[in-house]
Amino acid sequence: MPTTTGRPPTGLVGRKPESEALARLVAALREGVGGVLVVRGEPGIGKSALLNGLRPGSPVRLLRISGVEYEAEIALAGLHQVCAPLLRDLDGGPPAPHRDVLRAAFDAEDTGPPDPFRLSLAVLRLLTDTAAEQPLLCVIDDAQWLDGASARALAFAARRLRGSPLALVLALRPDPARPEFTGLPELALAGLSREAARSLLTSRVRAPLDTPVSDRILAEARGNPLALLALPRTAEMAGGFGLPDTGPWHGGGEDVLRQIERLPRDTRLLLLTAAAEPTGEPPLLWRAARRLGVGATAATPAEDRGLVRFGTRVRFAYPLMRNAIYHAAPAADRRAVHSALAALLDGADEDDRQVWHRSQATVGPDEELAAALDHSTGRAVERGGVAAEAAFLTESVRLTLEPRSRAVRALRAAQANRDIGAVQSALGLLTLAEAGSLDVLPRARAETLRARIAIDTRSDLTAFAALRHVAERVAPVDDGAAREISLQAIRGALFAGRAAGATQLLAMAEAARTVIGEAPSARPLDLLHAGLATHITSGFVSAAPVMRRAVDAYLRGRASREHTPDEWGLACRTAIDLWDDAAWRSLADRQLWCSRTTGALSSIPMALSYRALAHVHAGEFDAASALVDEGYATAADAGLPGPVQSELALAVWRGDEERTERLVDAASRDATRRNEGRLVTITEHARAVLFNALGRYPEALRVCRPAYELDEIGFQAWLPGEFIEAAVRSGRHDLAAPAVERLAERTAASPTAWATGTELRSRALVARGREADELYREAVERLERGEGRVHAARARLVHGEWLRREGRRTEARAQLRAAHEVFVEIGAAAFAARAGRELGATGEFPRKRGAVDPYRLTDQERRIARLVITGATSKEVGSQLFLSPRTVDSHLRNIFRKLGITSRRQLVGSLPPP
């Protein structure tokens, strides 16, 4: 049975104690207590990953350097990396003897070596001088490659850090190549536990993997994270059926390969047999070896050299060594080994493995074997998901000679390859299928697949019309297939959005209604199809009942492979338009489960995006961030765009203006390149949320008005609220009032807590007096029934703002305080700053969690803030206060943190009174 493909891990796997040790070091540094920690571990064990996870944040300054192997013999090369930036920062300060010592040491014209003691003392003084201005964390990776003089000077400093806000973290290998650091506090990194290693393996191979194969991989990796991360991607693993020569080999391989080449032929043949057998089972290996005429003594030369271990499981010394052995072997030897293995596998449980080995032992066409591969595909899918299906069907095509069978199998193989993200392989197989003899329905499926690939890769606008024509042609032959094809056309056009054009979208919807007929069947796919088509042709209100039936039909079914990931995704998107956040989350979970358990890489990024957006909606930003990271990693494996919508949502809700604009620029370029108008709408909505959070309402209105007027499917629940708030706060009640009425018509058709709360909040924005107060209160109550924590907090925020303007300061404080606490807790910095400013205007200054009093700026911070408000740059402020620009920037980061703001512009109005 395959291994479980649960949610991949987030962050560093299995390194909680080590991460906590580093966190304690940083916490002490924040309190002014320095320290040192030497992290030791073998190559690939995760030292760099652990150090890269160090993000001390303000007010600590972080200095990272890394030893370089080819500079290990260059005197002072490592020390130059450490000291050069610090010396530059102190330029302009009063002269100091230790700086002169260092500059002389680095002077290319100075022929004499520096005195070791004076040099070491100068390094210590430079580090402590820098730390006196700002706590300093110096992180040195690959310290085993430091030159001797640098290592001695840094070790000297490391033993004398305790009295200053200065910390030193070094990572090096366990061998005693750098005895200078012996005796310092150490953190030893061992291999990951089996559970953590399996979790990391799951994150790398995002598909089912046969349990014996995963056990063999874990045994060979021996808890080394690099060994697991260096595995071939999911499509190449093929659930354990992938050939071992498909991935790169890391680990100084040339020397090992030379050792293998010098082994006796029987030993090389034995190692090749072990490399070709993916489960690492010794009984099968020895039986195959005997069949090849290889005796047990052949193992001795390889074991003596430490290349392999034959125990309860065959384990190679290097995690990807089997790749190198298999790749270097002659083709005839590989075929002989596969033939021997195939002859020994028998029984129903091994049919798929036997057939696979037979196929690898066969060169020319073999109809009987091709049919056996086709027949075994189902069993292979259970072990390895869609990747195994693609591997088996592709091999079946290679061995098939009969034209019609070859075309049909090539079509199925193309579909499986598309699902795992192997687009070029899919296109090649599709061309082979189309060149063969296909009946009407298979040919229609081939045209559909080609159009879907065109839509996936570049939103080819001609593909939508092609799908519509295919659906119309197939309808008399198979109406069920015609509906599926028509739904794919609508799905693609919805992703193209405004780039597809209203006329083309309407034509497809009309054609879809013809395919559907007068009344859709109770099949979930048909209900979904009818709901989307009606939405396009007749509007949301007319479509809502059918959309509701479709969503409920999908919810009634359990998470299974009965529906494709694309179906689950469309149902999820429909639930969002219905303002049904509980259904949204449930359907996103099912789409993600279906994509992962089948190994359909091409569907996983979108599934992760929908689920991440649900986390953002609930105020769970860290959980969303983890899924966004996974989405980008999976998209890279599948050759697809990453989940930019969820990344943008996360950036705007966190109030990260710089990141938002950077993402918007990149997404806009991608939208043009890929003809993806929906991406333009995503950027417009994202900027509207951010500008509303920052209180820049005219800009919010400007950027979201085009998208609001387009009224695209997929944004019904998100755009109206932003548009109405921006319009009201910009004084455009002529735009806001009709928008509220249109919103009310739609929420009445789907009266969920989220929908009703959004409508009530929007009505309150345009209302006055007692009516507005009652609407705000009811909006908060309704929104807090749902899962949208961010929206409930926003309702409290706008209510508090209204109460303050009405002069009801005590009531305003209660609402603003509650909103501020939520925004601070979840990390919505811009909205927290807006709530904080409003709360300050009532006479109450908010406290950040964990801080004594964030509004008590130091005298220095207050002086810097007031100078910055005048427009002075960091350099200009520094010249007036006798500080370096870097020190000014450090103080500014502290000021921003205390005030709950994110930019210089927000300082105006944020400072507490003198």
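Helix H31 gives the most to the lining of the largest cavity, with five residues; a cavity is here a set of points on a 1 Å grid over the protein atoms alone where a 1.4 Å probe fits but cannot get out, and lining residues have an atom within 4 Å of a point. The model is predicted, so local features need pLDDT of at least 70 and side-chain atom pairs count only at pLDDT 80 or more, whereas totals for chains, interfaces and linings use all residues. Residues are numbered from 1 along each chain as its sequence is written, and side-chain values use heavy atoms, with hydrogens and water left out.

About 350 Å³ of space lies in this largest cavity, a volume being the space filled by probe spheres set on the grid points, which are joined across faces, edges and corners. Its lining comprises 25 residues, of which Trp653, His685, Val689, Trp718 and His791 are the closest to the centre. At least two lining residues are supplied by each of helices H29 (604-617), H31 (644-653), H33 (677-694), H35 (719-729), H37 (753-766) and H39 (789-805); helices (H or I, at least four residues) and strands (E, at least two) are DSSP runs numbered from the N terminus. By class, the lining of the largest cavity has 16 nonpolar, six polar and three charged residues, where Ala, Val, Leu, Ile, Met, Phe, Trp, Tyr, Cys and Pro count as nonpolar, Asp, Glu, Lys and Arg as charged, and the others, Gly among them, as polar. Across the whole structure, the search finds 13 cavities of 30 Å³ or more.

The largest pocket, a pocket being an open set of points with protein on both sides within 12 Å along at least five of seven lines, has a volume of about 1,000 Å³. Of the 33 residues that line this pocket, Gln415, Asp419, Arg452, Glu484 and Thr564 are the closest to its centre. Helix H19 provides the largest share of the lining, seven residues, and the helices that each supply at least two also include H18 (367-399), H21 (440-458), H23 (479-496), H27 (565-577) and H28 (581-598). The lining of the largest pocket divides into 15 nonpolar, seven polar and 11 charged residues.

Arg491 is found in helix H23 and is buried, with a relative accessible area of 14%; buried means under 20% relative accessible area, exposed over 50%, and partly exposed in between (1.4 Å probe, protein chains only). Leaving aside neighbours within four places in sequence, Arg491 is in contact (heavy atoms within 4.5 Å) with Asp456, Asp566 and Leu570.

Leu76 is found in the loop between strand E2 (61-66) and helix H3 (77-89) and is buried at 9% relative accessible area, while Trp579 is placed in the loop between H27 and H28 and counts as buried at 1% relative accessibility.

The structure holds zero disulfides, a disulfide being a pair of cysteine sulfur atoms within 2.5 Å. The sulfur of Cys83 is 8.8 Å from the closest cysteine sulfur, that of Cys138, which is too far for a bond. Cys83 is buried, with a relative accessible area of 1%, and Cys704 is likewise buried, at 0%.

The protein chain has 44 helices and seven strands, and 58% of its 914 residues count as buried.
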